[in-house]
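Please examine the sequence and the model shown below. The paragraphs that follow lead through two parts of the structure in turn.

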Amino acid sequence: MRTPQEAIADILAHIEPLTDTERVPLAEARGRVLARAVTSDVDLPPFEKAMMDGIALRAEDAAEGPWDLELVGESRAGVAFDGQLGPGQVIRIYTGAELCAGADAVEMVEKVREEDGRVHGSGAIAAGQHVSHRAEILEVGRTVLSAGRRVDAVDLTLLAAVGADPVEVVRRPRITVLTTGDELVPPSAKPGPAQIREGNTIFLSAAAAADSPGALLLEVGIVPDDPAELEARFARALDEGDVLVTTGGVSMGKYDLVGDCLEKVGVEPILHKVAIKPGKPIWFGKRGDKPVFGLPGNPSAVLVCYLMLVLPALRRCCGAENVLPEPFRLPADFSVKKAGKRQEYLRVRCVPKNGNLVLEKHPNQSSGMLSSAVWADGLAVVPVNEAVFPGDVLDYFSFADLL
């Protein structure tokens, strides 16, 4: 079995980013992946700009204090002083306003006194004081954001400043999410004998659609344990979409039919089973350039496999540079005394204790235990062949960074 690190490296090596792009309004670009580098079409600031409210002056007129200079006008944001300062002259100026010709410094309003059309000050003024110079932030033609960046809310401000509206982004991947099992019924149905409601597709489709690049869902549904039906639904999903994700039917039982059915519709198997807990039976393959993920059916295994293996692949499909956040490193407030042969992802939450943040473990780590995932706010990673004792520092992935 591959380790989780080997598995994600192998999966990402087989993911070919989508090449189709689209232009979207800047207001709708948050979370999308830039298809092209964005360059500035302006200098920022576009002029010599005041950083403070006060007066604009020629530094040479106030190289030594005290000084007394003539007030001849004002400059405010959007309306610059229409003229040039001569020797011994100043203007009022406000934060963000353009310095007029001849001015090369600003003194704060708190440090001057205005009286009878004149301005008095005592401190020596240096050229450039409280001035933001033209193009010191950005200059025309400079790259502001690279291709492959997932646009966050702060990026929108920068993109707006350089006129990137609309902005070119990689199109969203089209995915199908199916779950298999004769025992499954939709959440809206009342289960009969030997039946259970299924929630894996609800989670997977919601998580994929809500992720930063965001997936377009072609189909979400339940497929019975019937080879002909499985093959037909899998073939249609791969004909129409970019990615297929299934849950259930990937273990070694008589009715675990997914792997064989995928191969019969042309999917090349690449890996089956990873040394991960929960989620060991995960299956991955490709048909052409289209990735296929067969996840186990237990809800907690679906959660772990999606976050650690499927989500990075979906982001790579969109050409994203960073596909998985760096984990936090936090001390455990629990023990796992028996070292395991698989890397384990524990459902934990981050809590304060004695002025520090520590990780608290849910007492039931069963892969079918839904309430533990709801209780948790992230996953703690226990490496292979390692026990855990209170105070040991573990990698911690916050759900807030992933979902």
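Does aspartate 43 count as buried or exposed, and why? This is a predicted model, in which local features need pLDDT of at least 70 and side-chain atom pairs count only at pLDDT 80 or more, while totals for chains, interfaces and linings use all residues. Residues are numbered from 1 along each chain as its sequence is written, and side-chain values use heavy atoms, with hydrogens and water left out.

Aspartate 43 counts as buried because its relative accessibility is 16%; buried means under 20% relative accessible area, exposed over 50%, and partly exposed in between, with a 1.4 Å probe and protein chains only. The residue is found in the loop between strand E2 (38-39) and strand E3 (49-50); strands (E, at least two residues) and helices (H or I, at least four) are DSSP runs, numbered from the N terminus. Leaving aside neighbours within four places in sequence, aspartate 43 is in contact (heavy atoms within 4.5 Å) with Arg134, Ala135, Leu138, Glu139 and Val140. A polar atom of the aspartate 43 side chain lies 3.0 Å from the backbone nitrogen of valine 140.

The second part concerns two helices. Two packed helices are described by the angle between their axes and the distance between the axes. Helix H1 (residues 4-13) and helix H6 (residues 299-317) pack at an angle of about 25 degrees, and their axes are 10 Å apart; axes are lines fitted to C-alpha atoms, for helices over the stretch in contact, and angles run from 0 to 180 degrees between N-to-C directions. The contact is made by Pro4, Ala7, Ile8, Ile11 and Leu12 of H1 together with Met308, Leu309, Pro312, Ala313 and Arg316 of H6.

How values were computed:
Polar contact = N/O pair within 3.5 Å; in protein donor to acceptor, adjacent residues only side chain to side chain.
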